[in-house]
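The sequence and structure come next.

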Amino acid sequence: MSNRLSGQAAIVGIGATEFSKESGRSELQLSVEAIGHALADAGLVASDVDGLVTFTMDTSAEIAVGRELGMGDLRFFSRINYGGGAACGTVQQAAMAVATGVADVVVCYRGFNERSGSRFGQVSSWANAQVNTNGLDNAWSYPAGLSTPAATVAMQARRYMHETGATSEDFGRVAVADRRHAANNPAAFFYGKPITLADHQASRMIADPLHLLDCCQESDGAVALVVTTTERAKDLAHPAAVITAAAQGSAPDQFVMTSYYRPNIGIPEIGVVGRELWRQSELAPTDIATAVLYDHFTPYVLMQLEELGFCGVGEAKDFIADGAIEIGGRLPINTHGGQLGEAYIHGMNGIAEAVRQVRGTSVNQVDDVQHVLVTAGTGVPTSGLILSR
Amino acid sequence: MQIGDTFAAWELPITPTLVVSTAIATRDFQDVHHDRDLATSYGSKDIFLNILTTTGLVERYVTDVLGEEYDVTGISVRLGAPAYPYDTLTFSGDVVAATETTMEIKVVGQVSLGAHVTATVGVRVR
Amino acid sequence: MSDIDLREAVMAKALELQVMGETAPRYARDQVNQPMINNWVEAMGDSLSRYTQGEAPPAMAQVWTMGGLNPQRDPNDPLHSMMEFLTEQGFTAVLGTNCEQTYERYLRVGEQLSVTTVLDSVVGPKMTGVGEGYFVTTKSVWRVEDEVVATMLFRVLKYRPKQADANAVDPTKVLRPAINRDTEFFWEGTRQGELRLQQCGSCHELRHPPGPACPSCGEFDRTFVVSSGVGRLFSFVVHRYPAVPGKQLPLLLGLIELDEGVRMVAELVGMGPEDVEIDMPVQVAWQRIDDSLTLPVFERRS
């Protein structure tokens, strides 16, 4: 296979609103604000933008965003399905568009009032009522009562514990690491609020074996990312975060959050992403200084470490036991605090943190960062990136 | 009979008359077994079979099958869903233990709401 | 009173009554007699001829000593005292749960019975399907003169009824499955009490969830088999938050691996969170919601 995408495009601007539990403004306004900040960060203006990419789930149409920002002609617009699995996929779309010359400057955005508006943590009745194959798929779990993201993950987590011997405390170590990092991050909702493993164990059960502190926050906010060619990036404000690899992944017998019918009910889709990232980048796990692993639920972080090859199958609990994923460890992850600590913006805030690590501007900066790996929503068809200096 | 033998099922339609006549025959005058208005006022759907009757019906089911060859030595019942009028109480039985002279029969009485009674009946050759 | 104080008070009362021991014998109103036997066998529909020949049905043992229409309460009756105490503490409702009778011999017409009762145990508080309460067990012994002829362990749940309020769950509010022509056969089956698994008519591969084509051979030749409904628990969840339409919390959800080799998500019923474990044998049961929907649920297979 050829490898024509690697190094062709870069993220040159990042922007976000504040992260809160009640933004007090419309989802469209949040996205427009975030895009404005991202363009300013890049040293570009709205009229430079000729492409927009967002999530299928986003409520703000590309044309509405374009109108509010006074954009000119748009030559490229695209949307990616499967909830948070779309995050890195939006950047892949943008990278492919600018690498092929279909567009020059593409903005990826995601904005929502996910706490004050429609809460993802509640029973997703809408997902059951969809008139499409996703709705039909949900007929095999929702009527039985398996109808929240936490419960669907708990089913996989219980089996993972059974097969690997991992415990609730092993899941808790992910939450402790994230919250430690968030405690240093003024933008994080849980700034200055670290937790201990005992706090994690004492938090109430949501969907046993998942405690409250295994589950990410529900957040209001928006994040935007500006993508252009590495060539043009040289003239812009910040050092470019070069897109060394960008991949999507779905595995055989794939469902959204309920891939329970294949022999192993883990998350092989992230393995698909990982293999493609290593292939495109010609890198290996040991080349990665820090990673942003999608952490809407802690068990998936352990499973991702295994699927991406940072450790062997069933060994994640040992890999993280000595603080390896905390700042100063072998592989610090989610240095912004993750979605458990900073905010849940469907993974887009994690990509922004990866850009900061490449630039050297993170509040929890890791030394000597050459390459950062980022993943998108797990349990669903997903995506990933490797960003480099 | 031996372990694993199954009794033919017995379907007994529950009627108000059955509930009331058996309650009185067992000298159980609690209102929930004969006064529908009071029974519903307590949140019950209707009057319902009393426990002494359930025990009596379990005994009858077993002795109907076994005849007069055996004495009943014990009946242990676990109660479940109430048996209301207009439902059907369906008994099934399985021999779960047996010696030369004794047997234990597991009896389940099922109504539409689930198991009304799960019982173990001990018998001994006369 | 705090929960702990309340429990201590209940246990102290139980101990006080247990120490009192057996009540004085209470005598049956009538001797064992043929007219009452006749009433009983008539109502039960029992036709055993020995009951017309001087023997009484064993299950009548308790009938002889029933209190009748205007029962005189023995102030020392431990069951009554315990019940009254629990009622005062708010455990107002009562439900018989177990009755274990043994019969030493058949009673004969003309015999005079007496009964004594002792408080056997009080266990709780336990959270049950109907509310929180205590299981109160008494032991009764029937005698003819000094000869023990029958015994009974009788257990009731004395409970605080759950509030029948906005928290009450309406099962008809469950989320309805999206159904199309590829999946209709499954739901048609559940309405008939059949757990139908799609089978390829060409290569015979089984599949769940179903779909229009066979992923193994590509044919559109769909048939189905009716599953045994028997399998094992592959994984499970105890859902505690948030509320789920039509479901009581905590909600037990299982991923069942059927003996036929396919998996299925369903609610687990007839068990509590502490009873569930991976690899537990289970079998299908049915939860009829209304005319249009019946859901498969799974219970423990013994």
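Which residues line the second largest cavity? They are Ala56(C), Pro57(C), Pro58(C), Ala61(C), Tyr103(C), Arg105(C), Tyr106(C), Leu107(C), Val149(C) and Ala150(C). A cavity is a set of points on a 1 Å grid over the protein atoms alone where a 1.4 Å probe fits but cannot get out, and lining residues have an atom within 4 Å of a point.

The model is predicted: local features need pLDDT of at least 70, side-chain atom pairs count only at pLDDT 80 or more, and totals for chains, interfaces and linings use all residues. Residues are numbered from 1 along each chain as its sequence is written, chains are lettered from A in the order in which they are written, and side-chain values use heavy atoms, without hydrogens and water.

The largest cavity has 13 lining residues, and Ala139(A), Trp140(A), Trp187(C), Val265(C) and Pro296(C) lie nearest its centre. Strand S11(C) provides the largest share of that lining, three residues; strands are DSSP runs (E, at least two residues) numbered from the N terminus.

Chain C puts 33 residues and chain B 32 residues into their contact (heavy atoms within 4.5 Å). Together they bury about 2700 Å², 54% of it on carbon and sulfur atoms; buried area is the accessible area (1.4 Å probe) lost on being put together, summed over both. Two salt bridges cross this interface (Lys or Arg side-chain nitrogen within 4 Å of an Asp or Glu carboxyl oxygen). Arg50(C) forms a salt bridge with Asp71(B), with the closest N and O atoms 2.6 Å apart.

Notes. On a 1 Å grid over the protein atoms alone, a cavity is a set of points where a 1.4 Å probe fits but cannot get out, and a pocket is an open set with protein on both sides within 12 Å along at least five of seven lines; lining residues have an atom within 4 Å of a point. Helices (H or I, at least four residues) and strands (E, at least two) are DSSP runs, numbered from the N terminus. Buried area is the accessible area (1.4 Å probe) that two parts lose on being put together, summed over both.
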